[in-house]
Amino acid sequence: MKYMKLGSRPDTFYTTEAVRSVSSEVSSDLIVQVKGTRYLLHKFPLVSKSLRLQRLCLESPESSEQQILQLPDLPGGDEAFEICAKFCYGITITLSAYNVVSTRCAAEYLQMIEAVEKGNLVTKVELFFNSCILHGWRDSIITLKTTEAFPVLSEDFGITSRCIVAIASQVMARPSKASSSRDYSRKGPDDGLCNESENQRHKSNTKGWWAEDVAELGIDLYCRTITAIKSGGNVPSTLIGDALRIYASQRLQNISRYSYIARESESKHRLLLESIVSLLPEEKGAVSCSFLLKLLKAANMLKVASSSKIELAQKVGRQLEEAKVSDLLVPSLSYTNGLAYDVDIVATILEQFMIQGQNPPTSPPITKGIELERKRPNSSENIELERQESRKSSSASHRSKLKVAKLVDGYLQEIAQDENLPLSKFIAIAEAIPVLARYEHDNLYKAIDIYLKEHPELDKSERRRVIRILDSKKLSIETCLHAAQNEMLPLRVVVQVLFIGMLPNRSKRNFSLKGVNY
């Protein structure tokens, strides 16, 4: 932490009956009222450095002994005024990141400028700010944070913008190097938005050494700072994503665990969440799918704008294969449909996943030599290289679909237990995944079985509708046996399952129909 001492005289200010005075052989001839504090001071040292106090003394009526001045709107209040007053008396004052903004604003208000006296307080503060504060990491962070108390003046004097530029420059200079100035291995809160392992936490805190300090800022300054860091272009998107995760874990702590949020708090958190969403990097994998889905759950709780929810759904869709079933269980807060989970948002996510799978993949980085080869339209090597890349991309896309198919079947088993879930929504989720993505239908059968048991009121036509999505040929012997005994299934399906189970290639797997009642 950097600091600057001005003046050489000892501190002679003292308090008597809630009045601040300065020890002197000369009687006080000036009373200055700063909000709730009264000061008994002397005109000469103050008016010699403050143009405003000069004018106020000329304009205000003078009593027989003491002149009274009121400063009700002085920025920084009595603490900032006392620093300025001590400077006028030549008493030692200490400038630091904690008081440089309030002192600068108070000095400007009192017009302690060069036109009044050379080397006045405004100049001294600016010198300290530019030469010391902006070159220190913690000093820049603390100073920027203190500007929140003086937003307009800090903008007018360029304090806010200069701090943001200084912070962004220091991050861009060493975005993933550990800092020796502070212990960055402290743990973040283990809440719903930040539940990574200890090793992951330590790793991220070492690489993104700046993230936790920047997270101390309010949302407006945080957005401006992250935007400035991103604009530099040399900070990896994963570090930006990790910084946003840390900020969300601190500012949206436990938000998804409450069933009721006060209106004022809800509005504040809604703005915060929408701002975080707007800052998310575009690159796939910059943040985890689990984190995105937790943001989506919080978005439901806070009733954020639909545009933010759609943006989150799109980002989730791009890396849905990373998700777990529990991640997809987004609580529904609608009082009209009575559903336990928001099935529509998951349908949107699946739609985005399929769209991403259909879009042509982005080619990986290539060397200069290969790039020159690609420019030759008749190059056979070029054509073969493109074919290989296409096959790799297609294979990766297919693997993702296989993973998502298992994920969806697990999700269906969870939502099938909701007695208010309409059949149309259940079928829509099941059919959102292409047929070829399911090598086996055992998990899908389990989901259908749960749904039929939880919805006994379904008629025959509705049962047939839900069964149509099931391919009996993709059921294992064990599942066929269960299906053959399932009284909830239509008789035609039971017969079909029995027939498939009796095929020669199934007999090797000990398929037994003993005790089956059909």
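Me: What should I know about the model and its numbering before starting?
Reply: Residues are numbered from 1 along each chain as its sequence is written, and side-chain values use heavy atoms, with hydrogens and water left out. The model is predicted, so local features need pLDDT of at least 70 and side-chain atom pairs count only at pLDDT 80 or more, while totals for chains, interfaces and linings use all residues.

Me: Which residues lie on the two sides of strand β3, and are they buried or exposed?
Reply: In a regular strand the side chains alternate between the two faces of the sheet. Strands (E, at least two residues) and helices (H or I, at least four) are DSSP runs, numbered from the N terminus. Strand β3 covers residues 19-22, with Val19 and Ser21 on one side and Arg20 and Val22 on the other. All four are buried, meaning under 20% relative accessible area with a 1.4 Å probe, protein chains only.

Me: How many bridges join β2 to β3?
Reply: Strands of a sheet pair through backbone hydrogen bonds, either parallel or antiparallel. Two strands count as paired if DSSP finds at least two bridges between them. Strand β2 (residues 13-16) runs antiparallel to β3, and four bridges join them. Phe13 stands opposite Val22 in β3. The two strands form a hairpin with two residues between them, and Glu17 in the turn has a positive phi of about 50 degrees.

Me: In which sense do β3 and β5 pair?
Reply: β3 pairs with β5 (residues 37-41) in the parallel sense, over three bridges. Here Ser21 stands opposite Leu40.

Me: What is the order of the strands in the open sheet?
Reply: The order of the five strands is β2-β3-β5-β4-β6, with mixed pairing. β2 and β6 (67-70) are at the edges with a single partner strand each, so one side of each has no neighbour in the sheet.

Me: At what angle do α11 and α12 pack?
Reply: Two packed helices are described by the angle between their axes and the distance between the axes. Axes are lines fitted to C-alpha atoms, for helices over the stretch in contact (heavy atoms within 4.5 Å), and angles run from 0 to 180 degrees between N-to-C directions. Helix α11 (residues 219-232) and helix α12 (residues 237-251) pack at about 170 degrees, with axes 11 Å apart. They are therefore roughly antiparallel, the term for angles over 145 degrees.

Notes:
Buried means under 20% relative accessible area, exposed over 50%, partly exposed in between (1.4 Å probe, protein chains only). Angles under 35 degrees count as roughly parallel, over 145 as roughly antiparallel, 65 to 115 as roughly perpendicular and the rest as oblique.
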